[in-house]
Amino acid sequence: MSEKCPICGKKTKGVFGVAEPSEEMLKEARALGFSVPEGVCYNCTWASIEQEKHNSGEQEKAEINKLAEKMTILAQRVEISTFPPVSANFINKGIVSTQAAIGTGPIMTITSAFADAFGEESNAYGEKIRIGFGLCETRLKLRAIEAGGNSVAGLQVTYTELTSGHGMILVCMTGTAILDNAMPDISAVYMALKNKKESMLAIFAAK
């Protein structure tokens, strides 16, 4: 048996040798799915375990992000209308609503006021509002699916200034989630993705 660590080359035997990994460390390594080669020192074993944890965490994060992306893509199939349902073949799933607070910032507010003085629209200000609208729209679609629907009818949108003169705008959307039987029911697929994502998040947080 070699008396030197095969990774760092330090002596592992004798009075002046570096410590060997404990049984607990070896168990942790096996739990992570790899075995520690014979003769590897404590420090190199610890570094290998930490690297494996990091790699495992990055893989889990990537998988969670993929699930979130699939959920968002699925949500885009939800149709939103300001009108009542056209077809009578639907099931009312209840009211759904969401909000998005957008900070415009003092400089953008001044820019907007300057542009308005000349009868022009502030592109930066308008872009912030469009971002808030987009966030609300996506969230509302997700709420509709979670309620068991596949579309939203009777959409109402409101814009409110949260802090006078401090550039905070609240975008609110409200509608009725409905299950239109003429359209595919995507709620089961969505909820399966959501449950898997939440399960992975719980496992990741417990580590």
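## A helix pair and a pocket

Start with the two helices α1 and α2: their crossing is left-handed. Keep in mind as you look around that this is a predicted model.

To see the pair, select residues 23-31 for α1 and residues 42-75 for α2. Two packed helices are described by the angle between their axes and the distance between the axes. Here the axes come within 10 Å and cross at roughly 30°. Angles under 35 degrees count as roughly parallel, so α1 runs roughly parallel to α2.

Now show side chains where the helices touch. On the α1 side, pick Met25, Glu28 and Ala29. Across from them, in α2, pick Tyr42, Thr45, Trp46, Ile49 and Lys53. Colour this contact by residue class and you get five nonpolar residues, one polar and two charged.

Next stop: the largest pocket. Its volume is about 170 Å³. For a quick way in, select Ser81, Pro85, Val86, Ser151 and Ile178, which lie nearest the centre of the pocket among the 14 residues that line it.

Finish by colouring the pocket lining by class, as you did for the helices. The lining of the largest pocket splits into nine nonpolar residues, three polar and two charged.

Conventions
Residues are numbered from 1 along each chain as its sequence is written. This is a predicted model: local features need pLDDT of at least 70, side-chain atom pairs count only at pLDDT 80 or more; totals for chains, interfaces and linings use all residues. Side-chain values use heavy atoms; hydrogens and water are left out. Axes are lines fitted to C-alpha atoms, for helices over the stretch in contact, and angles run from 0 to 180 degrees between N-to-C directions. Helices (H or I, at least four residues) and strands (E, at least two) are DSSP runs, numbered from the N terminus. Angles under 35 degrees count as roughly parallel, over 145 as roughly antiparallel, 65 to 115 as roughly perpendicular and the rest as oblique. A crossing is left-handed if the near helix is turned anticlockwise from the far one by less than a right angle, and right-handed if clockwise. Contact means heavy atoms within 4.5 Å. Ala, Val, Leu, Ile, Met, Phe, Trp, Tyr, Cys and Pro count as nonpolar, Asp, Glu, Lys and Arg as charged, and the others, Gly among them, as polar. On a 1 Å grid over the protein atoms alone, a cavity is a set of points where a 1.4 Å probe fits but cannot get out, and a pocket is an open set with protein on both sides within 12 Å along at least five of seven lines; lining residues have an atom within 4 Å of a point. Grid points are joined across faces, edges and corners, and a volume is the space filled by probe spheres set on the points.
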